[in-house]
Amino acid sequence: MKVNEKAKKESVPLTTGAVILEPGSTKKYKTGEWRTYIPIIDQEKCIKCGKCWMVCPDAAIFKTPDGKFMINYTYCKGCLLCEKECPLKAISHKVEEK
Amino acid sequence: MIMAEKKVISGADGMAIAAKLCRPKVLPMYPITPSTLIPERMSEFVFNGEMIAKMIHVESEHSAISALYGAYATGVRSFTATASQGLALMHEILPIVAGARFPAVMAVANRALAGPLNIWNDHSDAMSERDQGWIQLYCENNQEAFDTIIMAYKIAEAKKVLLPVMVCVDGFYLTHAYEPIQIEDQEKVDEFLPEYKPENFLDTTSPKSFGGFAQPNTYMEFKEAEDKAMIETLKEIVKVNNEFKKTFGRKYGNGLIEGINLDDADYALLCVGSVCGTIREVIDELNAAGKKIGLIKLKSVRPLPVEDLKILCKDLKMLGVIDRHASIGFGGALTNDIKSALNNEKVLVEGFVAGLGGRDINKEKIRAAIATIIKEKEGFWLK
């Protein structure tokens with residue numbers, strides 16, 4: 001898709017001075033598209049220590065009400081810090097297929 | 001309260017008083033020769049309670065311009081002043097202020113750039129920043145500097161403009177020269193320049209983001225909008241110049257450019273800043289001797305009034321540009337701009353790089369430049 005068509009489709013508002021009038025608009029920016037590697041948590045091995053949740057630079061790991069840690073792939077850029085830090089090697093990765 | 005009166009003061013004092021009359025609320029300033037007198041004076045104003053403003057003693061010019069950006073993001077009028085290396089250090093933030101469309105005003109006391117180190121006047125500092133989205137207005141004398149500060153806020157804050165302004169004055173030649181300046185009274189300035197009320201500013205009750213990120217699909221559109229606003233500024237400067245004349249009784253050409261002694265002249269010089277005064281004298285002397293030489297005093301370098309320039313040059317055979325700046329290896333910036341603006345006109349344009357690092361541009365040098373253009377010969381470094 002050409003960039004101009006993309007801008008049209010997303011209807012980016014061209015405000016004076018590029019002011020963003022809507023707070024929290026970065027949520028719409030789906031940075032997960034950048035990913036090359038996709039981390040996967042093995043819930044069987046996970047002891048719910050929360051280290052991955054702490055180190056994730058994009059706050060893309062979240063805690064479910066039953067205490068599980070899950071990855072929000074909409075924003076996960078695949079840096080694999082979580083995999084490196086996981087003390088039980090419960091996190092592995094694959095090459096993202098697009 | 002400042003009352004209208006005529007005072008013999010330095011150019012820097014005049015600019016500080018003019019800025020005070022515009023009621024800026026934040027003053028992030030870092031002293032650098034030859035602009036130092038401006039922050040000094042404004043510091044005194046704040047300390048003495050003569051003006052209600054926050055003076056921020058920043059640690060560098062990079063911080064001064066960054067704090068100016070911050071002040072404008074909160075929606076208040078602000079002011080700063082700098083020169084030379086200070087302006088060069090601000091370089092990174094200059095297009096960010098313009099891109100945010102903050103109508104800031106900054107006094108620039110034009111000074112050479114190192115190296116070798118030199119504290120004296122030329123236009124290397126400001127000319128190097130002419131592509132950063134700032135309006136650039138140059139002044140011939142201290143009254144003009146005083147008036148231009150007041151006009152600058154009105155131009156910058158116009159809805160169709162919203163671009164920052166550099167008010168450029170020749171370091172030492174103007175900043176440290178004592179001249180009579182007509183100080184205007186506060187009420188009259190308040191009437192001319194109403195309170196600054198921006199549409200968007202940082203406000204916890206209505207959150208907005210400034211300084212966002214633009215992707216390839218929008219960045220160019222933002223820059224195009226800036227470019228269009230800069231061209232729109234041409235009309236606004238003319239309008240403000242006329243309004244200023246109505247309120248205060250003084251004006252500077254059409255606000256952008258002024259033609260002097262051009263009727264029936266075949267040859268003319270074009271320049272910006274204080275050297276216009278010297279050229280006026282030389283052309284008066286030549287006039288008395290029966291030689292007709294014109295002068296084009298350019299006030300607005302950005303936006304460049306191309307159409308006005310073409311009209312002023314339509315009957316000229318040759319125009320000589322006195323450039324207080326060298327675009328090393330390719331003439332001077334002003335010459336190159338003027339040449340490109342007059343590309344399709346019949347007038348020949350030649351440039352003279354002169355007055356670098358405080359070298360005096362005296363009458364003799366002006367006469368040498370005039371002698372060259374009359375012979376329609378090439379320009380050179382007028383040392």
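Which residues does A:Pro57 touch, not counting residues up to four places away in sequence? They are A:Cys79 and A:Leu81. Touching, or being in contact, has a set cut-off here: the C-beta atoms of the two residues, placed from the backbone, lie within 7 Å.

## Before we look around

This is a predicted model, where local features need pLDDT of at least 70, side-chain atom pairs count only at pLDDT 80 or more, and totals for chains, interfaces and linings use all residues. Residues are numbered from 1 along each chain as its sequence is written, while chains are lettered from A and ligands numbered from 1 in the order in which they are written.

## A closer look at A:Pro57

Let's stay with that proline for a moment. A:Pro57 sits in the loop between α2 (51–55) and β2 (61–63) of chain A. Helices (H or I, at least four residues) and strands (E, at least two) are DSSP runs, numbered from the N terminus.

Is A:Pro57 buried or exposed? It counts as exposed because it has 9 C-beta neighbours inside 10 Å. The cut-offs go like this: with C-beta atoms placed from the backbone, a residue is buried if 20 or more other C-beta atoms lie within 10 Å of its own, exposed if 12 or fewer, and partly exposed in between. As for A:Glu97, it is 40 residues from A:Pro57 in sequence, and 23 Å from A:Pro57 in space, C-alpha to C-alpha.

## Where the chains meet

Chain A puts 13 residues in contact with 17 residues of chain B. On the chain A side, nine of these are nonpolar, three polar and one charged. In this sorting, Ala, Val, Leu, Ile, Met, Phe, Trp, Tyr, Cys and Pro are nonpolar, Asp, Glu, Lys and Arg are charged, and the others, Gly among them, are polar.

## Chain B as a whole

Chain B has 13 helices and 15 strands. Its radius of gyration is 20 Å, close to the 21 Å that the globule rule gives for 383 residues, so chain B is as compact as a globular protein of that length. That radius is taken over C-alpha atoms, and the rule is 2.2 Å times the number of residues to the power 0.38. The C-alpha trace of chain B spans about 65 × 55 × 45 Å along its principal axes.

Of the 383 residues in chain B, 50% count as buried. Looking at contacts in chain B with a separation of 6 or more, 79% link residues 24 or more positions apart.

## Two domains in chain B

Chain B is split into domain 1 (5–248) and domain 2 (257–382), with bounds that come from an automatic or database domain assignment. Their centres, taken over C-alpha atoms, are 27 Å apart. Domain 1 of chain B brings 25 residues to the contact, and domain 2 of chain B brings 20. On the domain 1 side, α6 (124–127), β6 (135–138) and α9 (219–248) of chain B each supply at least two residues.

## Strand β14 and its partners

Now for strand β14 (residues 348–354) of chain B. Six of its seven residues are buried, so β14(B) is largely enclosed by the rest of the structure. Strands pair if DSSP finds at least two bridges between them. Six bridges join β14(B) to strand β13 (residues 318–323) of chain B, and the two run parallel. Within that pairing, B:Ile322 has B:Phe352 as its bridge partner.

Two bridges also join β14(B) to strand β15 (residues 381–382) of chain B, again running parallel. Here B:Val353 has B:Trp381 as its bridge partner.
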